[in-house]
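Subject: Structure handover

Hello,

Here is the structure for your files. My notes follow below.

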Amino acid sequence: MAQQAEAARRAPLNRERVLRAAVALADEGGIESLSMRRLAQELGVVPMALYKHVANKEQLLDGMVDAVVAEIDPPTGGSDWKDVVRGRVLSARRALLRHRWASQVIESRTGPTPAVLEYLDSMIGTFRDGGFSVDLTHHVMHAMGSRLLGFSQELFDDSGSAGPEAGADVLAAMAGRYPRIAELAAAAAHDEGSAVGRSCDDQFEFEFALDLLLDGLERLHRQGWTSAGSPRVGG
C-alpha cells in the first residue's frame with residue numbers, strides 16, 4: 001500500500017491530478033483547510049509546480065467545482081422532462097453531499113464555470129425539448145435557482161444546536177415572544193441522521209420543495225402560461 005501511495009506521488013503532474021487531490025483535501029478537512037502550499041505537499045511537489053496547471057487559487061476552485069458537477073448523472077433517455085429534471089437535481093444533490101464544501105464554493109464564484117454552464121444549458125434543453133416556451137423556461141430557471149445544482153439556502157440553520165435539553169430550554173424561552181416559531185420548531189420532525197447536520201430531515205425538505213416546484217411548473221406548462229399576460233390555455 002505504501003508503495004502504491006509513493007507511486008501515485010511520483011506520477012506525472014497534470015491538471016486532472018491537481019484537481020483530484022484538491023477535491024480529496026477539501027473532502028477531508030473542509031475548503032478552509034485547502035491552500036496551494038498544502039496541496040503541493042500532498043502531491044509531493046513545490047508550490048510553483050501547481051501554477052503550470054492552475055493559474056491561481058481561484059482557478060483551482062473553479063476547476064474543483066467543475067470536477068464535482070461532472071459527477072452529476074447525464075439525462076436519462078426516454079423519460080419526460082419532469083423525470084429527467086428531478087433525477088438530475090437529486091443526482092446533483094448526491095454529488096454535493098459527497099463534497100459538502102462544494103455549495104459554498106459554487107456560491108462564491110463570480111460567474112458560472114464551464115461545467116456549470118454546460119449543465120445549465122442541458123437543463124434548459126430538457127425544458128425546451130419538453131415543450132416549454134423560451135419565456136416559461138426563462139422564469140423556470142429563476143424559480144429553480146441553486147436547487148438545479150442540488151442545494152438551497154435554508155431560512156434557519158440549526159446545525160450548531162446543542163442537545164435535546166438545551167433545545168427544550170431555548171424553545172421555552174422563545175415561546176413567550178415568538179409563539180408561532182416555537183410551535184413550529186416543537187412540532188417539526190427530527191432526523192438524527194440528517195445528511196447536512198441539521199435536526200430536520202433536510203433530504204425530505206429538499207425533495208418536498210423540489211416536487212412542489214415541478215408540479216407547479218407542469219401546471220403552468222399545460223396552461224400555456226406566459227409572462228406577457230396572454231390568455232391561459234386549458235383549465
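Contact here means heavy atoms within 4.5 Å. This is a predicted model: local features need pLDDT of at least 70, side-chain atom pairs count only at pLDDT 80 or more, and totals for chains, interfaces and linings use all residues. Residues are numbered from 1 along each chain as its sequence is written, and side-chain values use heavy atoms, leaving out hydrogens and water.

Start with Met144. Not counting residues up to four places away in sequence, Met144 touches Val85, Val89, Leu210, Leu213, Leu214 and Leu217.

Next, the core. The largest nonpolar core has 52 residues. Such a core is a set of buried (under 20% relative accessible area, 1.4 Å probe, protein chains only) Ala, Val, Leu, Ile, Met, Phe, Trp, Tyr and Cys residues joined through side-chain atoms within 4.5 Å. Leu39, Leu60, Met64, Val89, Trp101 and Met144 touch the most other members. Helices supplying at least two core residues each include α6, α9 (134-144) and α12. Helices are DSSP runs (H or I, at least four residues), numbered from the N terminus.

Now the helix pair. The axes of α6 (residues 81-98) and α12 (residues 202-223) come within 11 Å and cross at roughly 155°. Axes are lines fitted to C-alpha atoms over the stretch in contact, with angles from 0 to 180 degrees between N-to-C directions. The two helices are therefore roughly antiparallel (over 145 degrees).

Last, Asp129 sits in α8. Asp129 has 72% relative accessibility and so counts as exposed (over 50%). Asp129 and Asp80 are 49 residues apart in sequence and 9.3 Å apart in space, C-alpha to C-alpha.

Best wishes

Notes:
Parallel < 35°, antiparallel > 145°, perpendicular 65-115°, else oblique.
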